[in-house]
Amino acid sequence: MAISEKQCTVTGEELVQRARDMIPMLRAKAAEVEQNRMVPRETIEAFVEAGFLKITQPAKWGGYEMDLEVFCRVLMEIGAGCPSSAWVLSVLGVHNWEMGLFGDKACEELWSNNPNVLISSSYSPFGTATKVDGGWILNGTWRSSSGIDHVDWTIIGAYEYDENGKVLDHKAFLVPKTQYRLIDDWDVYGLGGTGSKSLVVENVFVPDYRAHSMLEQPPSPDRPPLYSLHQTFVFTAGVASSIIGFAQSAIDYYIEEMRTRQSLRKRESGSTVAKESPYIKDRLGNAVLKVRSARARVLNAIREATDRVKKGDPLSPSELAFLILDCAATGRDCSEAVILLHRAQAARGVWRANPIQRVLRDVMVGANHATQNSDDTAGIVGGVLLGDGLPPRFLNINGYPPGTV
């Protein structure tokens, strides 16, 4: 039975402001988050209390069912405070959206007693799914499930094959935490605070109602427009929005440092104030340009896709390719922006006490995520424009051709 829908009394702008108000707290915890290799529970609880996890959650199951733009703007603010915290919020929040792709039976099992239950994921098909009567048997080890310490369920991905070993589909399976064990193997140089551990699944049965295709999402008259957006686009937009926040945090730190920094080198004016250097100003301006451009591009893509589904005219795969590229290029652009600022810091930028070096490592890891593969995505868009069409299973959330993982 669905949770009784309550009128949402909070606005999107209020949610964005709540996120903005958290930035000082998140900044103060960012180094500790990295050191402890996970986002603290009190931060997750603050996100839940603020309503961030409800933004794209279906209304009939206790959520706000707001536009994707609201969630992505919140991520941009949270990312300016703590990259690892924003990353975890991004993936946990996008799964509450994804439940709109499952049927009511799965949602009821998840949320009927607690509308604040959280979900992590590991979509890459590291393990296997074997079809049996009424469901699937899952086996394997799935890597890099961000925020998994805080959840009760995890969505894991696996390929469906035909009798000849040909890939038919890339499916997502919803598994309770009681049916897997964790491996604490998250040892990385950036986004260390996401706690993206591996999970091991051994002979677990998943009923058919807790599975869905991540490639094919046929329109449904019963599905609200928000859940007619394609999963690959939604996930890519969320990751991109978080990364924009990362780069904005580097800009903020840089401005604070350079406003008061003294240089050992005197200028012609006799001043040793670092900010008088045109080099310092030029790098800041160009970094801001890259981040502002990425933000505008991502928000425009979200608005275009949202407008189309609200009109009942979802984007074709070819059209989606262009909007996905708009989001996928964010990692590249924001990495370049942070590198510009880090280089201007000279030797001071290499000290661990300097937060920009941490942001640089975080943004480089974020840019390596499969959704930020702008090279392959640009090639796909180029192929469309040159008349080659789309490659098979282009809308794969991992960004990998089947069989390469």
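Mentor: The lining of the largest cavity is formed by Ala30, Glu34, Cys82, Pro83, Ser84, Leu191, Gly192, Gly193, Arg358 and Asp362, and the elements that each contribute two or more residues to this lining are α2 (23–36), α5 and α11 (355–367). Helices here are DSSP runs of H or I with at least four residues, strands are runs of E with at least two, and both are numbered from the N terminus. The model is a predicted one, in which local features need pLDDT of at least 70 and side-chain atom pairs count only at pLDDT 80 or more, whereas totals for chains, interfaces and linings use all residues. Residues are numbered from 1 along each chain as its sequence is written, and side-chain values rest on heavy atoms, with hydrogens and water left out.

The space inside the largest cavity comes to about 40 Å³. On a 1 Å grid over the protein atoms alone, a cavity is a set of points where a 1.4 Å probe fits but cannot get out, a pocket is an open set with protein on both sides within 12 Å along at least five of seven lines, and lining residues have an atom within 4 Å of a point. Grid points are joined across faces, edges and corners, and the volume is the space filled by probe spheres set on the points. By class, four lining residues of the largest cavity are nonpolar, three polar and three charged, where Ala, Val, Leu, Ile, Met, Phe, Trp, Tyr, Cys and Pro count as nonpolar, Asp, Glu, Lys and Arg as charged, and the others, Gly among them, as polar.

One of the lining residues, Cys82, leads on to the cysteines. With a relative accessibility of 2%, cysteine 82 counts as buried, the limits being under 20% relative accessible area for buried, over 50% for exposed and partly exposed in between, for a 1.4 Å probe and protein chains only. The closest cysteine sulfur to that of cysteine 82 belongs to cysteine 334 and is 16 Å away, too far for a bond. Cysteine 334 is in no disulfide either, since the nearest sulfur, in cysteine 327, lies 12 Å from its own, and cysteine 334 is buried at a relative accessible area of 0%. Across the whole structure the search finds zero disulfides, a disulfide being a pair of cysteine sulfur atoms within 2.5 Å.

Because tryptophan 87 belongs to helix α5 (residues 83–98) and phenylalanine 246 to helix α7 (residues 231–260), the pair ties together parts 159 residues apart in sequence. Both tryptophan 87 and phenylalanine 246 are buried.

Tyrosine 123 sits in the loop between β1 (119–122) and β2 (128–132) and phenylalanine 235 in helix α7, so parts 112 residues apart in sequence are tied together. Tyrosine 123 counts as buried at 6% relative accessibility, and phenylalanine 235 is likewise buried at 6%.

For context, the structure holds two cavities of 30 Å³ or more. The second largest cavity has a volume of about 40 Å³ and is lined by Val48, Leu53, Lys54, Gln57, Asn96, Pro115, Asn116 and Leu118, of which four are nonpolar, three polar and one charged. Among the open spaces, the second largest pocket has a volume of about 420 Å³; of its 22 lining residues, Gln217, His230, Leu315, Leu320 and Leu395 are the closest to its centre.
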